[in-house]
There are 2 protein chains.
Amino acid sequence: MAKPPNPNTPLTEHLAYLLAQANREINRQLESRLSTEGVPVEQWRILKVLSDGEGHSMGDLAEAVLLNHPTLTKMIDRMVSDSLVYRRQDAHDRRKVLMFISDRGKALCKRLNSLAASQEAHILENYGDKATGELKRLLENLIDAAS
Amino acid sequence: MAKPPNPNTPLTEHLAYLLAQANREINRQLESRLSTEGVPVEQWRILKVLSDGEGHSMGDLAEAVLLNHPTLTKMIDRMVSDSLVYRRQDAHDRRKVLMFISDRGKALCKRLNSLAASQEAHILENYGDKATGELKRLLENLIDAAS
DNA sequence: TCGAAAATGTTGAATGTTCAAGAATTGGGA
DNA sequence: TCCCAATTCTTGAACATTCAACATTTTCGA
């Protein structure tokens, strides 16, 4: 017999809540590491995506770094002011804007990567290799199943 | 031999990124369910915490629903306007403000609970009982280990 | 070929969040 | 007891995000 869903579940038993909580905590820690360079997490993600040297359209970038279009536009404006990235129009589709990383951006990204890596290492230590791997696997599956 | 951390990991292999992605997706779905009642996810959390009928201080509430103080204050202002909750001063410590849920708030919370339950049920279906339970367990451990 | 609809990115106004400072109250040591 | 530091919550200004509307370019069917 299927048991009916219990609507009086405490907050802490909801998957959505656990995800929010874990995300908040991990993100906070990462943020605090990256603050050495005075850079928000999203900018690190942007730099990392652009690190392949290819041009990425604003749309693709927005998708990849989990920001919506207008927010990304304004964040990119700031990064252009800081000479971390630059815009080029796509020759094949002139509606598109392609983003590229600058040398300055590459150098910063390198430093950020190592800060982020040290955070991951710290998690691995406390939480264990096996649990981390398993968690990653489950999260990937959830993302696939949910979207 | 311990392998050195690889700084050139793609974005999608970072735990922080996977968490952000999963959280975003699940939260989006929940938001879309709750939008039937025109209520943001945070307000549902607040109502749920207050559903025990006890008075909760702003500080405790902020902690529980993952908002910082000023943000919570302003959200509570809105909810008071909507007659969902009300403030009372704590008699024992008059610095504190205790929040209570109103009848209107209780009725709304009930409807929201069932919307949220149907989302969880939907996830369970696509993702499986076992994986969901395991994921919840790993997330709880991570939260403990990280904080 | 032409024109309407879709795709892509930006902008400005409305809205929400955050940071720093402030007001009120409590607690604890001199 | 008295005063100063700590706690709790709110406020206002600075800042960031979101929504809707717009401009440009491409696509595709009539």
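This report describes salt bridges in a predicted model.

## Overall count

Over all chains, the count comes to twelve salt bridges. Three of them are described below, the pairs being A:Asp93 with A:Arg95, A:Asp103 with A:Lys106, and B:Asp103 with B:Lys106.

## A:Asp93 and A:Arg95

In chain A, a salt bridge joins A:Asp93 to A:Arg95, and their closest N and O atoms lie 2.8 Å apart. The relative accessibility of A:Arg95 is 74%, so this residue counts as exposed.

## Helix 5 of chain A

A salt bridge links the side chains of A:Asp103 and A:Lys106, with an N to O distance of 3.9 Å. This pair falls within the cut-off because a salt bridge requires the nitrogen to be within 4 Å of a carboxyl oxygen. Both residues belong to helix 5 (residues 103-127) of chain A, where they are three residues apart and therefore separated by about one helical turn.

A:Asp103 is exposed, at 62% relative accessibility. A:Lys106 has a relative accessibility of 42% and counts as partly exposed.

## Helix 5 of chain B

In chain B, the side chains of B:Asp103 and B:Lys106 form a salt bridge at 3.9 Å, N to O. The two residues lie in helix 5 (residues 103-127) of chain B; they are three residues apart, so about one helical turn separates them.

With a relative accessible area of 63%, B:Asp103 is exposed.

Technical notes
Residues are numbered from 1 along each chain as its sequence is written. Chains are lettered from A and ligands numbered from 1 in the order in which they are written. This is a predicted model: local features need pLDDT of at least 70, side-chain atom pairs count only at pLDDT 80 or more; totals for chains, interfaces and linings use all residues. Side-chain values use heavy atoms; hydrogens and water are left out. Buried means under 20% relative accessible area, exposed over 50%, partly exposed in between (1.4 Å probe, protein chains only). Helices (H or I, at least four residues) and strands (E, at least two) are DSSP runs, numbered from the N terminus.
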